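Thanks for coming. I will go through one model today, starting with its surface and ending with its backbone.

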Amino acid sequence: MKNNFAFIFFLIVSFQSIKTQIIPSIEGRIIDDYSGKSLVNAQILLLKEVTKTYSDLDGNFKLNEIKPGDHILEITFFGYKSKRFPFFMDKSTKTLQLGAIRLKENHKEQVDQSFIMLNEEDLYENEKSESNSITGLLTSSKDIFLKTVAYEFSPTFFKPRNLGSEYSEVLLNGVKMNKLFNGRPQWSNWGGLNDVLRNQEFSKSMTHSNSTFSGINGSTNLLTDASSYKKGIKISYAASNRSYKGRVMASYSSGLLKSGWYYTFSASKRFAKEGFREGTVYDANSFFTSIEKKINNKHRLNFTGIYASNTRGKSSPNTQEVYDLKNLKYNAYWGDQEEEIRNSRLKKITEPILQLNHLWNISDETSLQTSITYQFGKSGNSRLDYGGARIIGDDDNQTVIGGGTNPDPSYYQKLPSYFLRDINNPDYENAYLAEQEFIKNGQINWLDMYQANQNVSNKGNSIYALYEDRNDDKQFMIGSILSKKINKNFKINASVQYQKLKSENFASMLDLLGGNGFLDVDIYADDLDEAQSDLQNPNRIISEGEKFKYHFNFDISVLNGFAQIQYATRKTDVFFAVNFNNTTYQRTGLYENGAYPGKSSLGKSEKLQFPNFSVKSGVIYKLTGRHIFSANAAYYTKAPTLQNSFSNARENNDIVIGLTDEKIAAIDLSYSLRHPKINAQITLYGIDLKDQTDISFYFADGLTGIENSQTTAFVQEVLTGIDKQNFGLELGLEIPIIAGIKFKAVAAIGQSVYSSNPDLYLTSDDFTEPLNYGEVSLKNYFVSEGPQQAYSIGFEYNSPNYWWFGITGNYFDHSYINIAPIMRTKNFYLDNDGLPIHDYDEGVAKELLKQEKFNPYYLVNIVGGKSWKINNYYIGFFVNVGNLLNTEYKTGGFEQSRNANYNTLLEDKTREKPLFGPKYWFGYGTSYYTSVYFRF
């Protein structure tokens, strides 16, 4: 016993002696070179030891355990030029005071941020790809590879490691903002606020984050503390020929007032009657406020409010036939109405964000941030309905008649190929007439629809109408983030967050196009009861502004907990993190759909619950300050998205059969070289994704197994058990050549393939039971996620006189079309009687089902700018020209699923011009973006 007490006493004395030892350290303060104001959250990196810290609210910083000898500090802060500060640490020095270190503004970097955020508004028109761009997550990174992805690769919809934005997290002051519906960030929620959203914390792929567990592809934390903004006013104007024509923006920051308050405000407007694509109207207004009160040295309160309203016209994917008759700017979604452009497919988003943050500095080693966030508003996507009808007959024998022709000017029955479909008897005369009509007009004819609706035989009911699919969300979030430094080596981070979302979903009538009402029934149903959108209110006549078609609520709750420990020494940094997540979904039907009567559509669905656990770890080994090795590994389980949990949420409560969590295993290995003459990094990665689910909606022809030998139906295609493998190499290289001139090179060489054969079944109100087609032969087909290989080389010149110029050449390859799964099932080779097709040829079938690979292409981009300081004023401009050589290229596309079996697909592909060929999206031709700013 005495020995035990002696041992404990020895440990206590030893620990106290260690605590009283002198720890050599350096201290300093980071300030603005011109104003002398403190710079908050600047990064201070000790190059030789590869240790870092950040400046506090007063710009102060401290680094401990500095070895005697020569050292170099590298200080970086967004919007400022990086600075290297040499110093010598003497053996006898306790604390070396470096004093004030001044950073000069880098006007080039500030203007570049505005340019890259513009690209985030260039969201493509594919409903499944919408809001799927990843490049906005990369702008805060200093990594040459990720910077190149953001600036050079984004127009091609390249995705790092072939992962969409649902695998990355976007946070607002530590609060996750990814949409619960599809897992993706909705960039329009804060679009147009470039100047006040440039303060960001970025974590790459599986590396550690102080705020969140992060997605498999990293995270970006947008910081909006009012105290972090530089005092002053900035006004800017931008012009472009991309998604919008002009943007005006103004920002004001008060700095610290005598009362202890900080204020920051920003507003912008972006506008275009027509963007690069025909008929793509753009109208967006954004407002931002951040108000902060410094209560004392331990407590701060910050309120952030964001209002961003965005309306933009979509553009259509087009077949090769349409492209050949028109051009890459053609858009089938619009037409002239009284000499004004009117787009039938408008996306409108208005979802304000209100957030209150409390930061409690409990001690020098411990801080706690607590946030309360409320987001509400609406999102709508408009489209034309041509299924207007009226009821005829007496009470005992009523039926529905009506419906118009498809108003889409690129509808297959309006194109030349339709009249040439009979190979043995082509109708050349009508094919020529259709061609000329499409070339001369080829847009939506609004006048024809108004006239059709005023036909007296309709009895006032509209045949054509414009409506929107709406979802009105109310979301509440509360959470806390704890950060504690245990000692010089250990640090822990932990967070807990709760989200509660109520989402109301319905169709809303926008415009009856001259009619008096719209009969709310499905004209394709077999009988009048089945045709009802709501059996509780049959045969309703809808007016403008009313709900119809479908109406239901989603209730979602998510509880998330995260814990992480970090261990750092001179040579090694290690972290280990765990995450627990519990997600629940429930649908409540407010309409009793005629095709799914009773509880099948009305009332509450089964409640879905998904508990998930994830873990990741990483290590950095510093062989020297110049040679650094790192490795990261992770295993995630994720709840399926709400979008892919209900097979047909608009009409019924049916849950996807076999629904389960997604599993992800990933690893990456990196080597970095930091040298005055070269900066390089190479990374190898591998990602295994299992048990994904996907739901698609389309009209199919050539189906088998339906009652009454029916072969056509509008279906919901449910794909479960999807497995993918992504692996590849990332390389980034920067070499200063001579003063001011830098050479840059980047390569992304990856491959993403389906690694198994998932299961497929169809549902529809045209048949009573799901059609189970079993396995889909997808294994070894390529995943369509943009180019899988991308290369960039370029030169950049920065003049000491504050002007700069850069040119890059980029090469893209291995882009593939998105294949139609239904054509890779047994349905493809079965006849209507369920037996194999008599003259089925496997060799021909293999050729028919060969995945299309897009042609490789080159893009050349140039950029330049200049800034001036005149007394207390700053003026600057920036110009970017993309695709200088006007290269035409495909960014994506998909096979149409209409030809669901061998006979129909073979017949269509035998034609010179297929009726249902693939549809494509095309990149911009030569485009420009320029901006000018004035700051004081």
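First, a term: a residue is buried under 20% relative accessible area, exposed over 50%, and partly exposed in between, with a 1.4 Å probe and protein chains only. By that scale E338 is exposed, because its relative accessible area is 73%. The areas themselves come from the Shrake-Rupley method with a 1.4 Å probe, and for residues only the protein chains shown count as cover.

Two notes on what you are looking at. This is a predicted model, so local features need pLDDT of at least 70 and side-chain atom pairs count only at pLDDT 80 or more, while totals for chains, interfaces and linings use all residues. Residues are numbered from 1 along each chain as its sequence is written, and side-chain values use heavy atoms, with hydrogens and water left out.

Now the overall picture. The protein has nine helices and 46 strands. Its radius of gyration is 30 Å, close to the 30 Å that the globule rule gives for 936 residues, so the protein is as compact as a globular protein of that length. The radius is taken over C-alpha atoms, and the rule is 2.2 Å times the number of residues to the power 0.38. Along the principal axes, the C-alpha atoms fill a box of roughly 100 × 75 × 60 Å. Of the 936 residues, 54% are buried. Helices here are DSSP runs of H or I with at least four residues, strands are runs of E with at least two, and both are numbered from the N terminus.

Next, the surface patches. A patch is made of residues with over 30% relative accessible area and no salt bridge; like charges are joined within 9 Å, and nonpolar side chains (Val, Leu, Ile, Met, Phe, Trp, Tyr) within 5 Å. Lys and Arg count as positive and Asp and Glu as negative, while His and the chain ends are not counted. A charge is placed at NZ of Lys, CZ of Arg, CG of Asp or CD of Glu.

Which residues form the negative patch? They are D336, E338, E339 and E340. E338 sits in the loop between β18 (334-337) and β19 (340-343).

The positive patch gathers K81, K83, R102, K104 and K869. K869 belongs to strand β42, residues 857-870, and is partly exposed at 46% relative accessibility.

There is also a nonpolar patch, with about 980 Å² of accessible area together; its members include I235, W868, F877 and F936. Strands β12 (232-240), β42, β43 (873-882) and β46 (927-935) each supply at least two of its residues. The largest share, three residues, comes from β43. F877 is in that strand, β43, and at 32% relative accessibility F877 counts as partly exposed.

On to salt bridges. Side chains of opposite charge can pair when their charged atoms come close. The criterion is a side-chain nitrogen of Lys or Arg within 4 Å of a carboxyl oxygen of Asp or Glu. How many salt bridges does the structure hold? There are 30.

E27 pairs with K62, with the closest N and O atoms 3.8 Å apart. E27 lies in strand β1 (residues 25-32) and K62 in strand β4 (residues 60-64), so this pair ties together parts that are 35 residues apart in sequence. E27 is partly exposed at 23%, and K62 is partly exposed at 44%.

R470 and E468 meet at 3.3 Å, N to O. R470 is buried, with 14% relative accessible area, and E468 is buried at 8%.

R824 and E895 form a bridge with the closest N and O atoms 2.7 Å apart. The two are 71 residues apart: R824 is in the loop between β41 (803-813) and α8, and E895 in the loop between β44 (890-894) and α9 (902-910). Both R824 and E895 are buried. Separately, R161, D668 and E730 are linked in a network of salt bridges.

Last, the backbone. Most residues other than glycine have a negative phi. E338 has a positive phi, near 55°. N871, also not a glycine, has a positive phi of about 55°. N871 lies in the loop between β42 and β43 and is exposed, at 63% relative accessible area.
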